[in-house]
Structures are given as C-alpha cells and as structure tokens.
Amino acid sequence: MLNIRNERELDYQIVEDITRKAFYNVYVPGCMEHYLVHIMREHEDFIPELDFVIELDGQIVGNIMYTKAKLTDEGGTEKEIVTFGPVSVLPEHQRKGYGKILIEYSLKCAAELGYEAVVIIGSPANYVSSGFQCCRKYNVCVEKDKYPAAMLVKELKPGALDGRLWFYSDSPVMIVDEKKAQAFDDNLEKMEKKWMPSQEAFYIMSHAFVE
C-alpha cells in the first residue's frame, strides 16, 4: 500500500539516509545530495508544502523536495518558479515507478499553490514521461544562447512562459560547499566511494548544450 504525505521532523534522518543511499557513486564518487537535503530545510527558498515522502506499507522508501527559483526576461522582469531535487528512492525500490508517482503528485500540488512553471536539471530519460521538455523549446537558458541539455522545463500553467527569452537562476542553497559536505559525510556510516559508468554519462550530459 502506497501513501504520500509531507515530511515530518521525525523523518529527517530517514530521508537523509535514503538520499545518501540513492545517490552514492551515481554522479560522482560518493555524493553530496544528502548534505543538500540537510541544509535545504532551513533555507528561505525551501517550500515545506512541497516536501513529500512516499511510504510503502508504512515504510518511507522515497522523497522529493522543492525550492523556489526564478526566471528573468531580457527586460529584467522576474517570474518566481520552482525546482525540485533531490528526488530519492531507496535502491532496492528503484525502477518501480515510485519516483514518477512522487513527481507527478508534487507537480499537481505546486500548480495548486499557484506556481506556473518548473525547471530542473536532470537526465531527460527520467523526466520526459512526466511532461518535461528541452529548455530550448521554452527559450529558457542559463546565459544568452546557452541551453544545457540537462535543463528541462514544464509549464504548470499553459502559456505561462509566452515565448519570451528567460534566464534561469537556482536558489543559492544549491551551491553546496564541498568541504562541508565531505565533513558531514565523514561522520556517517562508511560507504565505499568508487567509479561507476553513470558518472561518465552524467559528465557528458552536464557539459552538453543544445542549439
């Protein structure tokens, strides 16, 4: 039986542990995502209403967290939007659709809160089935004529981005201090850092741009 609910304070350690297990060695040797989760909750851009866990038979097996972000057009007009991540599912429960369920449930909630668009950084293969498209299709870039292949966009309100050129800005909380993240990880149960083929795939995707 599946249940989705907001994260509670008693869940914090469980969620951080799930995030660590989900991301360790996937994109780099080790990971920093669990430290990001740890610090994100206290940041002004964090959105508690969009902080969800998914339970399977009463056990938390995954989570999703959102922060505010913004788009700025060429005239300096800003639009507050959202981004999500990390999205984490315990390794033994991955590829069963739980992450997609979390994403689609939380996107509906974000729309109900009045947010008009979501921009994320991730592998297109994981998100196109939930309606995300290449940032180039919405004229969303990181700087003039730079459209990262891993940057994906979904309108929660049709026509919200109206064809204008938009520049995307993450919340400052996404800039993780690597030394602090490592010190945080060092105090946890040891996990072996190692190279995985997924790290090379991530490097290629994160450095690729579309025309």
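Accessible areas here come from the Shrake-Rupley method with a 1.4 Å probe, and for residues only the protein chains shown count as cover. On that basis, the accessible surface of the chain comes to about 11,400 Å², with 52% of it belonging to carbon and sulfur atoms.

A word on the source: this is a predicted model, in which local features need pLDDT of at least 70 and side-chain atom pairs count only at pLDDT 80 or more, while totals for chains, interfaces and linings use all residues. Residues are numbered from 1 along each chain as its sequence is written, and side-chain values use heavy atoms, with hydrogens and water left out.

Turning to the fold, the chain holds six helices and 11 strands, taken as DSSP runs numbered from the N terminus, with helices being H or I of at least four residues and strands E of at least two. The C-alpha trace spans about 50 × 35 × 30 Å along its principal axes. Of the 211 residues, 46% count as buried, meaning under 20% relative accessible area with a 1.4 Å probe, protein chains only. Among contacts (heavy atoms within 4.5 Å) between residues at least 6 apart in sequence, 70% join residues at least 24 apart.

Is Phe132 buried or exposed? Phe132 counts as buried because its relative accessibility is 2%. Leaving aside residues up to four places away in sequence, Phe132 touches several others, among them Phe84, Ile103, Tyr127 and Leu152, whereas its C-alpha atom is separated by 25 Å from that of Val176, 44 residues apart along the chain.

Notes
Buried < 20%, exposed > 50% of the residue type's maximum accessible area, 1.4 Å probe, protein only.
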